[in-house]
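Here is a walk through one protein model, contact by contact. Keep the structure open while reading.

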Amino acid sequence: MEKTWYKRKWVIILLHASVWILLFLIPFLLQQSFSHGHQEHKPENNAFTYLTIFSDLLYIMLFYFNAYIMVPGLFYKRKYLIYFFIQLLIISSFCVFQMLFFEFFIGQPFRFSGFFFFNLFPYLFIIACSIAYRVIQDRVELERVNNERENENLKSELTFLRSQVNPHFMFNVLNNMVALARKKSDLLEPSLIKLSSLLRYMLYETNEQQVPLEKEVEYLRSYIDLQQQRFGSLVKLNVNIQTPDRSYEIEPMLLIPFVENAFKHGAGMMETPQIDINLRAEKGVLEFIVANKYNAGTEETKDEGSGIGLSNVKRRLNLLYPKSHSLTITDKDNWYKVLLQLKLQ
């Protein structure tokens, strides 16, 4: 995967270099501004300039040494005493270096008070920035790794959930074929052709993350036709599937569990079984309504696959459309109704 431009190595190096140049150039410019107009040039001025440049380079080395070696090696492992001792050793070595520099190159007495005022605070500032930089960098990297791991887990889970829908669907359709064969119906051949197209869709189309809504609707119609051929006039079926106002994409096999559930529980032993299916997609919103009558007094014998479809589709909706869907299920007056509203792309 191609990196974002601001994550490229040369951009990061350029950004770091710019920050360091700006940080150390400001005091130098202020010093030049205050000394403007003084024509006297002293040799020790050059020595101070060299000392400042050398100190700046040491601060840069200290920043990355602390960030990439000291913090992960000692600070994170809570070896605070060793960490503090090494920092004390570094600042002491820096103090000795400046003492010798003043003695041999500047020719002025070294003052500890001046050293601590001009060097201790910048030193502590660099150390604090270095720790903050490393902590923030590690936290960002940890979040990135966690996000990648979560995405991989979600992909695996979605693949598992999607694969669970297929056997449930196949059991229902094969039962339809058995019923037609027993009746020696002329509808068996066209039903097998329809089943073939459904299997082709399940095998070759559902591997994609999303499919055109038109294909999902076509798959839905074929399934409803197969069920209608099976039950005939025994079930009153009202289907109103409107043509979408434009092209949309949707997660495959997302709508079929609701229809499966309606036929499973709404075509049982009752006086006037009825199933209503309505679908429309307008202005980027899919509205899908499936309602079926059921006999509250009839106790159903649940198989091992009972409820797998609906529980899976709820989980898939939460994973794929966490803030862009609304699922309302009502059970009132012997009517079981599902209303799904989904924002489409």
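Tyr68 is partly exposed, because its relative accessible area of 38% falls between the 20% and 50% limits. This is a predicted model. Ile69 sits in helix α2, which covers residues 43–75. Ile69 also counts as partly exposed, at 48% relative accessible area.

Now turn to the aromatic rings. The structure holds 9 aromatic pairs. One of them joins Tyr68 and Tyr133. Tyr68 belongs to helix α2 and Tyr133 to helix α4, so the contact ties together parts 65 residues apart in sequence. Tyr133 is partly exposed, with a relative accessible area of 22%. Tyr68 and Tyr133 also belong to one aromatic cluster with Phe63 and Tyr64.

Charged pairs come next. Side chains of opposite charge can pair when their charged atoms come close. How many salt bridges does the structure hold? There are 5.

Start in helix α4, residues 112–183. Here Asp138 bridges to Arg134, with the closest N and O atoms 2.9 Å apart. The two residues are 4 apart in this helix, so about one helical turn separates them. Arg134 is buried, because its 14% is under the 20% limit.

Another salt bridge joins Asp225 and Lys194. The closest N and O atoms are 3.0 Å apart. Asp225 lies in helix α6 (residues 213–231) and Lys194 in helix α5 (residues 188–204), so this bridge ties together parts 31 residues apart in sequence. Asp225 is partly exposed, with 28% relative accessible area. Lys194 is partly exposed as well, at 24%.

Finally, look at Arg316 and Glu251. They form a salt bridge with the closest N and O atoms 3.0 Å apart. Which parts of the chain does this pair link? Arg316 is in helix α8, residues 308–320. Glu251 is in the loop between β3 (249–250) and α7 (256–266). The pair thus links distant parts of the chain, 65 residues apart. Both Arg316 and Glu251 are buried.

Terms used. Residues numbered from 1 in each chain as written. Predicted model: local features only at pLDDT ≥ 70, side-chain atom pairs only at ≥ 80, totals over all residues. Heavy atoms only, no water. Buried < 20%, exposed > 50% of the residue type's maximum accessible area, 1.4 Å probe, protein only. Salt bridge = Lys/Arg side-chain N within 4 Å of Asp/Glu carboxyl O. Phe/Tyr/Trp six-rings, centres within 6.5 Å; stacked < 30°, edge-to-face > 60°.
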